[in-house]
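User: Hi, I'm new to reading structures. Can you walk me through this one?
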Amino acid sequence: MGAKQVIEISGAGPAGLAAAMAVRAAGQHALVYEKRADVGTRFHGDFQGLENWTTQGDVLVELASLGINTDFEHIPIHKVVSFDPAGAIKTVRSELPMFYLVRRGSHPGSLDYALKDQALAAGAEIRFSSPASHLPNGGVVAEGPRRADAIVAGYLFDTDMADGIYVAISEELAPLGYAYLLINQGLGTLAVCVFKDFHNERIYVERSIGFFEKHVSLHMLNPRRFGGTGNFSLPQSVRKGNILYAGEAAGSQDPLFGFGIRWALLTGAAAGRALATGNPSQYDQVFKHRIRPYQQTAAANRWLYEHLGNRGYSFALRRFPDGGDVRDRMNRSCAPRWWKRALYHLAASQRVEPILDLHADCDCTWCRCERHMSPPPA
Ligand SMILES: Cc1cc2nc3c(=O)[nH]c(=O)nc-3n(C[C@H](O)[C@H](O)[C@H](O)COP(=O)(O)OP(=O)(O)OC[C@H]3O[C@@H](n4cnc5c(N)ncnc54)[C@H](O)[C@@H]3O)c2cc1C
C-alpha cells in the first residue's frame with residue numbers, strides 16, 4: 001500500500017473542516033492550519049440559519065451524504081414573522097423546515113465545535129494558532145471572507161421573551177438587506193445585514209432595536225455587541241492548479257441574503273474529495289454544475305431585490321398568499337433558469353466594486369479589527 005498523501009488545508013471553518021473530513025474519508029492525511037487558537041472565533045455564540053430551501057431535499061440529508069454528522073444543536077424553523085417597512089405583519093410558514101437554527105462559536109454545541117470534534121475523530125490533524133501564508137504543494141484554501149460586500153452588526157443578549165423568528169425588510173432599518181431577531185430558549189440575536197452605507201451600521205442597529213421594541217416588545221438583557229462581514233464575489237475560477245478555494249474564500253455565499261454555511265460545507269467537502277482522490281479538476285465540475293448556477297440565480301435575485309425599494313418590499317410581502325408554503329416559493333425562486341442567468345450577466349456587467357476591508361485603526365465591523373466584539377461564550 002502506498003504512503004498516505006498529506007492534503008493541506010488553510011482555515012478550520014465549516015469549509016476547511018468539511019474538506020478535512022472528505023480527505024480522511026478518501027484515506028489521505030488531512031493537515032489543517034488555523035490561524036486562531038480555536039475554531040469559530042470569528043463568531044460569538046450568535047444564532048445563524050442553515051438554509052433548507054435551495055434544494056427540494058433536506059439539507060441534513062445532504063450533509064449526511066457528505067459524511068457530516070448533524071450532532072450540533074439545530075432547531076427546525078417552520079414559521080417566520082416578517083414585517084414590511086410600514087410595520088405590516090405577514091407570518092410565513094412551511095411544512096418542512098425553512099432553515100435550521102444553529103449557533104456559531106467555539107463553545108460545545110456550536111456548529112464549529114461539532115465539526116472540529118468530527119474532523120478530529122476522523123483523524124484529521126488541526127494546528128491551531130498556525131496561519132498558513134501559502135500552500136506550496138497545493139491544498140484547500142478555506143480562509144473565509146476576503147472583503148466586505150455586506151456586513152452584519154447587532155447584539156447578542158439574554159431575554160425572557162418567548163421563542164420566535166422575526167425579519168424586517170426596510171431601507172430605514174437595513175439598506176438593501178434586512179434586520180432580524182432570533183429568540184430561542186432565553187437567548188437572542190438581533191442584527192442588521194446591510195449591503196451599503198456600512199459606516200452608519202450603529203444607526204441601523206439602534207433603529208432596529210426601536211422597531212422590534214415597538215412591534216414585538218423586544219427585551220434585551222445583558223446585551224453584547226457582535227458583527228462580521230460577508231464576501232459575495234463570484235470568481236471565474238475556484239482553482240489555481242492544485243490549490244482549490246472553498247467556502248467564502250471562493251465567494252461561496254448566497255448573494256441574496258448571505259447564507260453561506262451550506263455552501264461552505266458543500267464546497268469544502270468537494271474540494272477535499274477532489275484533491276484526496278488525485279483529481280483536482282473534478283472540483284471545477286462540481287462548481288460548474290452544483291454551485292455556480294445557484295449562485296448566479298441568487299445574484300440575479302439580489303439585483304431584483306435591490307431594485308424593489310420600500311414600496312416593492314411591501315408589495316412583495318402583501319402578494320405572498322396566506323397559507324402558502326414559503327419554502328416551496330423560495331425553492332422555486334432559487335432554481336436556476338436561463339433568464340436569471342441572463343440577468344446575472346447583465347447585473348455583473350454593471351457591478352461596482354465593493355469597498356474593501358480598510359483601516360486597522362477603526363472599530364467598524366467591516367474592517368475586521370474586531371476590537372469592539374464581545375468575547376466568545378465560555
Ligand atoms: C454575523 C454573521 C452572520 C451570518 N449569518 C449566517 C446565517 O444565518 N446563515 C448562513 O448560512 N451564513 C451566515 N453567515 C455566513 C457564514 O457564517 C459563512 O459563510 C461561513 O462561516 C463561511 O465558512 P468558511 O469556512 O468559508 O469561513 P469561516 O467560517 O470564516 O472560517 C474561515 C477560517 O479560516 C481561518 N483563517 C483565515 N485566514 C487563515 C490563514 N491564513 N491561515 C489559517 N487559517 C486562517 C479563520 O480564522 C477561520 O477560522 C453569517 C456571517 C456572519 C459574519
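Analyst: Start with handedness: a crossing is left-handed if the near helix is turned anticlockwise from the far one by less than a right angle, and right-handed if clockwise. By that rule, helix 1 and helix 5 cross right-handed. This is a predicted model, where local features need pLDDT of at least 70, side-chain atom pairs count only at pLDDT 80 or more, and totals for chains, interfaces and linings use all residues. Residues are numbered from 1 along each chain as its sequence is written.

User: What counts as a helix or a strand here?
Analyst: Both are DSSP runs, numbered from the N terminus: helices are H or I with at least four residues, strands are E with at least two.

User: At what angle do helix 1 and helix 5 cross?
Analyst: Roughly 35°, and their axes come within 7 Å. Axes are lines fitted to C-alpha atoms, for helices over the stretch in contact, and angles run from 0 to 180 degrees between N-to-C directions.

User: Which residues make that contact?
Analyst: Helix 1 gives residues including Ala15, Ala18, Ala19 and Ala22, and helix 5 gives residues including Ala264, Gly268 and Arg273. Contact means that C-beta atoms, placed from the backbone, lie within 7 Å.

User: How many of them are nonpolar, polar and charged?
Analyst: This contact has 14 nonpolar, 4 polar and 1 charged. Ala, Val, Leu, Ile, Met, Phe, Trp, Tyr, Cys and Pro count as nonpolar, Asp, Glu, Lys and Arg as charged, and the others, Gly among them, as polar.

User: How do helix 5 and helix 6 cross?
Analyst: Helix 6 covers residues 281-306, and its axis comes within 8 Å of that of helix 5, crossing at roughly 155°. The two are therefore roughly antiparallel. Angles under 35 degrees count as roughly parallel, over 145 as roughly antiparallel, 65 to 115 as roughly perpendicular and the rest as oblique. The contact divides into 8 nonpolar, 2 polar and no charged.

User: And helix 1 with helix 3, what's the angle?
Analyst: About 20°, with the axes 9 Å apart; helix 3 is residues 111-121. That makes the pair roughly parallel. Helix 1 passes helix 3 in a left-handed crossing. Leu17 and Met21 of helix 1 take part, as do Leu111 and Leu115 of helix 3, among others.

User: New topic. What is the strand order in the sheet of 7 strands?
Analyst: It is 6-5-11-12-13-10-14, an open sheet with mixed pairing. Two strands pair if DSSP finds at least two bridges between them. Strand 6 (89-93) and strand 14 each have a single partner strand, so one side of each is left without a neighbour in the sheet. The twist averages 20° from one strand to the next.

User: How many bridges join strand 5 to strand 6?
Analyst: There are 5, and these strands run antiparallel. Phe83 stands opposite Ile89 in strand 6.

User: What about the sheet of 3 strands? What order?
Analyst: The order is 3-7-4, in an open sheet with antiparallel pairing. Its twist averages 35° from one strand to the next. Strand 4 and strand 7 pair over 3 bridges. Ile77 stands opposite Phe99 in strand 7.

User: Last one: which residues come nearest to the ligand?
Analyst: Gly13, Gly144, Gly228, Gly247 and Gly260, of the 35 residues around it. Near means that the C-beta atom, placed from the backbone, lies within 6 Å. Helix 1, strand 3, strand 14 and helix 5 each give two or more residues to the shell. The shell has 12 nonpolar, 14 polar and 9 charged residues.

Technical notes: Contact = placed C-beta atoms within 7 Å.
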